[in-house]
Amino acid sequence: MTVDVMTSRPPSPGAATFLTTLTGGGPVPGPPGPPPRQRGGPGRPAGLPALLDAEVDPDTVDREGEIPLSLIARLKDLGAFRLSAPEDLGGLGLSPQEVFEVVEAAATRSAAIGVMLGVHNGIGVGTSLLPALPYGSLRDLIRRRVTEGVISGFADTEPTGGGNRWPRTTATPTADGSAYTLKGDKLFVSNGPVAGLLGVTATVREPDGKRVGLAVVDTRSPGFEVRAGLEYLGVRGLPNGWLRFDEVVVPRDHLVTVPDGDPRHTPRLMSAVLSARLLIQAAPALAIARNCLRWSREFVARRRIEGIGLGEYDLVQRTLAAGAADVRAMDTVVRWSLGAPAPHDRWFERMAARNFCTDACARIVDRTVSLLGGEGLETARSKRRRGALPVPLERAYRDARMLRTIGGVDDMLDVRMAQALLAHVADGPGHDPEPVALADTGKFFPRTEGHARALDGELARFSAVCRAAGPQVTGADGQYRLLLLGRISRELFGMAAVLAAAGNDGQHRLTDIHCTAARLRLRDAWARFDTPDEADHSSVARALVFRDRHMDELLGL
C-alpha cells in the first residue's frame, strides 16, 4: 500500500522555534508550557504509581532481567499501553507532556518499565503509523488491536547494523500478488518478545525493482519467532529480542511504502522517532536524575564529619546545587520541546533534548556516586545485608550509561544534529541575520542578565560559524567538528530554555548555576573546534586496526 499522506512536509520552522534563533533568524522565544506539574494528584493512568510501588521490585527485575508477564497484564488493564490513543479506542487521550510524565513516573520505579512504555507509546505502530493511514484493512487492524491494549514496537536494526539504506530483511510478493512473504532477522527490538504488532522494515522486491517498505506484522503469524531474549548492560528487564521472520505472510495492504522514497525518512515518521526518543531516553534520564537528587539530599542530611553536618561543606553544597540546576534544566528543555501545538513544529528541540537530558543525567549520577562513596561503593544488596539504606546507585549508574546508547549512540546523534543544522542554514536566506538581543527583554536579575548577554554573543557566533563552516566539516574526516557543533548547539538551547523560563528568585539561582557550568562547557567545546593543529589520531587508529607490529609492541597487545 502506497501512502501519500506520509510524505506531506511539516510546516517550516517559524519564529517560535529555537532553530530559527540558533541559525540567526530572530529572538529567543519563551518556552510555552502546559500547566504546572501536579504533584500528589491522581495518577495518569489512575493507579499506576500505586501499582508499581506495590508490585514492582526493581532489584528483582534488574537481577533476573525480566518484567513479570503478570505485571505487564496489569499495566495493560490500567491503560498504560493506550496513553495517547483517542478515547474512542479506549485510550486516555493524553497530551505529549502528560505521556512523558507517566513514562517518567514509571521509570522512577524501574527504568526497564519506563522504557517499555516509552517504546510502545512513542514508536509503536498505533502512535507512529495509525494517524497517517487511509481507511482500509490495515487501519482497521491497528485500531482493533489498540482497543485491545496491544503492545507494539519497531524492528529496524539487523545483524549488519541499524538504519541501513537497504534492509537485509526482504518482502517478496506471493504468486497471486495478494501478499508478501517476509524473511530476515532483526536484532535489539525493544518490546519485540512481548509485542502483538510490530513495524518491520524490509526491502520490497517487485518485478519493476526494489524499494523500502514498512510491514505491520501480527506476531501470532506463522513463521514469526523470538530467537532469543537480549540483555543490555543497563535497563535490565526491558523486553528485547532477536527476532526471525521465516516466510511470514503479510497481506499486501499491510505493507506501507511511499512514492519515490523510504518510509523511515518521511517527516511524519521522523517526527515520531524524535518524540519517541524523549519518552525512551529523556523520561528515564529525568527520573534517574530526580532519584539521585533525592538520594543525595537524604545522604547529606544524615551524615556528619568531625561534628559538622555534611551539607556545610563547600564541595558538597556545589554537588547538590549542580544536581538541582541540572534537573531543573532537563525539565525545562523537555517542556519546551513538547510545548508546541504540533510536534513537528519543534523538531530541532526534540532532537537536542535527548542528548541534553542523557548527558545531564550522566553528570548527576557520577556526582552522586562520588558523594555517596563516603559510606562505601556498594550495591544495594550489599548495603541491605549490613543494615544500611539500600540506595540502588549501581543500577542507576548502568541505566544512565545505557540511555546514552539505546536508540542511537549519543555521539552520532550530535553529528546528525549538526548536519541537519548546516542543511537548514544552507537552505535558508543568504543575508546576514538580525541580532538576537535576548538580554534586552528586561526580565533578568543581575547575574542572569550577564548570562543572557553572553548567550546573545554565543548565538551570533554559532550562526556565523554555521554559515561559514559547512563545506569544511563534511565527510568522514569532519565528524569530530560536527560532533562539537552538535554539542555546542544543545548547550545553547539549554541556556536559552532556562533563561527564558526564569521567573522568580529560586529559578534565577538555579539558572545562574546551570548557565555558569554551560558556559564553561561551551568554552571547552569552542577551543576544541578552533584548534588548528590536531594531534594525529588517524595514523594511530589505522595502526591499531591493521595490527601494526611496532604499535602492538608499544602497547603490549
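Predicted model: local features only at pLDDT ≥ 70, side-chain atom pairs only at ≥ 80, totals over all residues.

Modeller: Start with Arg139, which lies over the face of Tyr135, 5.0 Å from the ring centre. For a charge to count as sitting over a ring, NZ of Lys or CZ of Arg has to be within 6 Å of the ring centre and within 35 degrees of the ring normal.

Numbering runs from 1 along each chain as its sequence is written, and side-chain values use heavy atoms, with hydrogens and water left out.

Now ring against ring. A pair of aromatic rings is described by the distance of the centres and the angle of the planes. The cut-offs: rings of Phe, Tyr and Trp (its six-membered ring) pair if their centres lie within 6.5 Å, and planes under 30 degrees apart count as stacked, over 60 as edge-to-face and the rest as tilted. Searching the whole structure turns up six aromatic pairs. One of them is Phe224 with Phe245, a tilted pair at 5.5 Å centre to centre and 55° between the planes. That pair links distant parts of the chain, with Phe224 in strand β6 (residues 224-229) and Phe245 in strand β7 (residues 240-251), 21 residues apart. Helices (H or I, at least four residues) and strands (E, at least two) are DSSP runs, numbered from the N terminus. Phe224 counts as buried because its relative accessibility is 16%, and Phe245 is buried too, at 1%. Here buried means under 20% relative accessible area, exposed over 50% and partly exposed in between (1.4 Å probe, protein chains only).

Then there's Trp347 with Phe348: their ring centres are 6.5 Å apart and the planes are at 85°, so this pair is edge-to-face. Phe348 is buried, at 0% relative accessibility, whereas Trp347 is partly exposed, at 23%. Both belong to one aromatic cluster, made up of Trp336, Trp347, Phe348 and Phe493.

Helix α11 (347-372) is also among the elements that cover the buried residues of α13, along with α3 (58-64), α5 (96-109), α6 (111-123) and α9 (267-302). Helix α13 spans residues 393-403, and its buried residues are Leu393, Arg395, Ala396, Asp399, Ala400, Met402 and Leu403.

Back to arginines for a moment. Arg145 sits in helix α8 (residues 137-147) and is buried, at 8% relative accessibility. Leaving aside residues up to four places away in sequence, Arg145 touches Val150, Gly196, Leu197, Asp218 and Arg220; contact means heavy atoms within 4.5 Å.

Zooming out, the chain has 19 helices and ten strands, and buried residues make up 50% of its 557 residues. Among contacts with a separation of 6 or more, 75% are between residues 24 or more positions apart. The accessible surface of the chain is about 25300 Å², with 54% of that belonging to carbon and sulfur atoms; the areas come from the Shrake-Rupley method with a 1.4 Å probe, and for residues only the protein chains shown count as cover.
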